[in-house]
Amino acid sequence: MSTSTRKDQMPDSITYGQISKDITATLAPPGFKFIAVYALILAGLAVGIACWVYQIKVGMGVAGITHPSFWGVYITDFVFWVGIGHAGTLISAILFLLRAPFRNAVYRASEAMTVFAVMTAGLFPLIHIGRVWFFYWLIPYPNQRQLWVNFRSPLMWDVFAISTYATISTVFFYVGLVPDLATARDRATSFFRKALYSVLSLGWTGSHRQWKHYMAAYGFFAAFATPLVISVHSVVSWDFAMGNVPGWHTTIFPPYFVAGAILSGVAMVLTLMIPMRKLMNLENYITTYHFEAMAKLIMFTSLIVTYAYAVEFYIAFYSGVEYEIEQFIYRATGQYWWAFWTMVTCNCIIPLMLWSKKVRTNHTALFIISIFVNIGMWFERYNIITQSLTHEFIPAAWGFARPSIIEMGITLGSFCWFFMLFLACIKLVPSMALTEIKEIIDRPMKGKSS
Amino acid sequence: MSTGQHLVGVYSYVDTTMDGIRKLKSSGVRDYTVHMPTYIEELAEEIDQDSSPVKWVTLVGALVGFASAILMTGWMSWDWPVRISMKPVMSWPAYTVIMFELTVLLGGIANLLALFGFAKLPGLGLGPGFDPRFTDDKFGIVVPVDDSSAEQVRKLLDESGAEEIEHVGA
């Protein structure tokens, strides 16, 4: 059995000072390439905003939201982005509690991804409700008729689950940043940066008293975030499983959704980190060792997801319920066959290549596979939501929902919104947890007996 | 009585910093601050601190969250009862999600506030004797001194291998 050593993670010659220098160097003002990419992203975001404004002005009809699929691409996007967020919390919280050695180098970017993915996900219920200015009706406050929200509704559970997840993830992200922001403050040369990091680092000095309370609090954040990883996507799955729509009403949904979320999230971590490592000269810190560890997570969760797809079919037939049987035959062979087989190819078949160590250690291959997994996971949600809704109990009410231009424009805008936030973040705050990387290298010892 | 004077020992190594802490402790010096660029468990253990009280505040926050979820869902259910068939007005199994989420939310917020409170964050200044290298690659021991103790503390820091010793506030 092979075991990893510190040398697999980063070179021996790395010192505390080198880590601080290399990682704070990523905060240097952006070059032309970065600005050009950013401008492109802003253009995509402008398309999304224009589509949303048009939808608000004209009405939800322009998004093609009509019978029989009232939950179309927007809810697919919502579930997709919540899922993307999961890997960050998994890596930052669960792997922290399990003391996984590859976590320290990759968790900051993953956590940033979580926060921004949840922020992106949070836009979709607002976009989907149409009259966005009434979003506050979801909050349990007394209105004139003293009519309260319905706590029995999974949609209301979602409001609480997503708000809690967003809050805890953001706080966890920020608390993890504080010691690193102090390093950035103490190394900053420009007045603006010094002032910015002085405010953001909250006066952190790394004194033993601060560390004592910090480590205690950090452990609790990890402990709180861990059940959230499981619970949030379980709650999202109940949005569907609590309904009696054929294809939705199944008890396997929570674990199936959680595994799928981790699969898509880890894939997105790879999609982001492989280019980030290259562009920011972080080759010494993010190595093949880290990518291979994440590739194994993809293999594992892909197998769970494949098993869940198979079980869904098995249970549909085993139940003997003709609506369920019809639904699953339709899913694989009906009008949405292309979406179903895209999902199977991307989530079940392509990740099998990762069984080969050669593929797992090839960064280009990993990057391509991660993009396929992201596509597959988007189609998984599209299958569950749109396909099921358009093929319910009454044949006369069946239909086919084609994604509209507006929905596609807003989906594009959501990706651009996410990348805009992520790229801004890695230029403004240390994209790797330099304080925690210092924890895993050899400690500086003079050799005196201690 | 604080004189505002501090001796700051700057170290590059964990073991020399450890020696510095041991020498101060064995000489009866109890009031000192150790700065670390990253958390070093052995140093924290050597300083021999009590465990952080953050956990108690977090526990209270979590319990308040749990209780407030029970009260909120229960009160709102009975304030406008929606009676469907023979189903209970307060259907607590459906409310466990709200209870769990508010437990985590308020526990997490209490945890943050406890961290801020006990670690004195946000702080207005960086404290006497703080050196920017302490968040980079150096360890530091800052000891408040007066005219009579300064020489003894300087000797202890020097013997333990401090590479620089600075007298601030003198």
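The structure is a predicted model. Chain A has 16 helices and zero strands. Chain B has five helices and four strands. The contact between them takes 53 residues from chain A and 58 residues from chain B.

**Chain A overall**

- Along the principal axes, the C-alpha atoms of chain A fill a box of roughly 80 × 60 × 40 Å.
- Of the 450 residues in chain A, 49% are buried.
- Take the contacts in chain A with a separation of 6 or more: residues 24 or more positions apart account for 84% of them.

**Chain B overall**

- The elements of chain B follow the order β-α-β-α-α-α-β-α-β from the N terminus on.
- Chain B has a radius of gyration of 25 Å, whereas a compact globule of 170 residues would have one near 15 Å.
- The C-alpha atoms of chain B fill a box of roughly 85 × 30 × 30 Å along the principal axes.
- Buried residues make up 42% of the 170 residues of chain B.
- Among contacts in chain B between residues at least 6 apart in sequence, 81% link residues at least 24 apart.

**Strands of chain B**

- Strand S1 of chain B spans residues 5-11 and is mostly covered, with six of its seven residues buried.
- S1(B) runs antiparallel to strand S3 (residues 139-145) of chain B, and seven bridges join the two.
- Within this pairing, Val143(B) in S3(B) stands opposite Leu7(B).
- S1(B) also runs antiparallel to strand S4 (residues 164-168) of chain B, through five bridges.
- Here Val8(B) has Glu166(B) in S4(B) as its bridge partner.

**Where the chains meet**

- Chain B gives 58 residues to the contact, and chain A gives 53 residues.
- On the side of chain B that touches chain A, the elements giving two or more residues are helix H1 (14-26), strand S2 (33-35), helix H2 (41-47), helix H3 (54-79) and helix H4 (92-118) of chain B.
- H4(B) supplies the largest share of that side, 15 residues.
- By type, the residues on the side of chain B that touches chain A are 33 nonpolar, 18 polar and seven charged.

**The largest nonpolar core**

- This core holds 169 residues, of which Met113(A), Val266(A) and Val269(A) touch the most other members.
- Helix H8 (residues 208-241) of chain A gives the most to the core, with 17 residues.
- Leaving out residues up to four places away in sequence, Val269(A) touches Ala87(A), Val106(A), Ser110(A), Met113(A) and Met294(A).

**Phe221(A)**

- Phe221(A) sits in helix H8 of chain A.
- Phe221(A) counts as buried because 25 other C-beta atoms lie within 10 Å, and the cut-off is 20 or more.
- Its contacts reach both chains: beyond neighbours within four places in sequence, Phe221(A) is in contact with Val171(A), Phe172(A), Val175(A), Gly108(B) and Asn111(B).
- Phe221(A) and Ala365(A) are 144 residues apart along the chain, and their C-alpha atoms are separated by 35 Å.

**Cis peptide bonds**

- A cis peptide bond leads from His67(A) to Pro68(A), with omega near 5°.
- Pro68(A) lies in the loop between helix H3 (32-58) and helix H4 (73-97) of chain A.
- In chain B, the bond joining Leu121(B) and Pro122(B) is cis, with omega about -5°.
- Pro122(B) belongs to the loop between H4 and S3 of chain B.

- Arg99(A) is not a glycine, yet its phi is positive, about 55°.
- The loop between H4 and helix H5 (103-128) of chain A holds Arg99(A).
- Arg99(A) counts as exposed because it has 7 C-beta neighbours inside 10 Å, and the cut-off for exposed is 12 or fewer.
- Ser85(B), also a residue other than glycine, has a positive phi near 55°.
- Ser85(B) lies in the loop between H3 and H4 of chain B.
- With 4 other C-beta atoms within 10 Å, Ser85(B) is exposed.

Definitions and conventions:
Residues numbered from 1 in each chain as written. Chains lettered and ligands numbered in written order. Predicted model: local features only at pLDDT ≥ 70, side-chain atom pairs only at ≥ 80, totals over all residues. Core = buried A, V, L, I, M, F, W, Y, C linked by C-beta atoms within 7 Å. Contact = placed C-beta atoms within 7 Å. Pairing = 2+ DSSP bridges. Nonpolar A, V, L, I, M, F, W, Y, C, P; charged D, E, K, R; others polar. Rg over C-alpha atoms; globule rule 2.2 N^0.38 Å.
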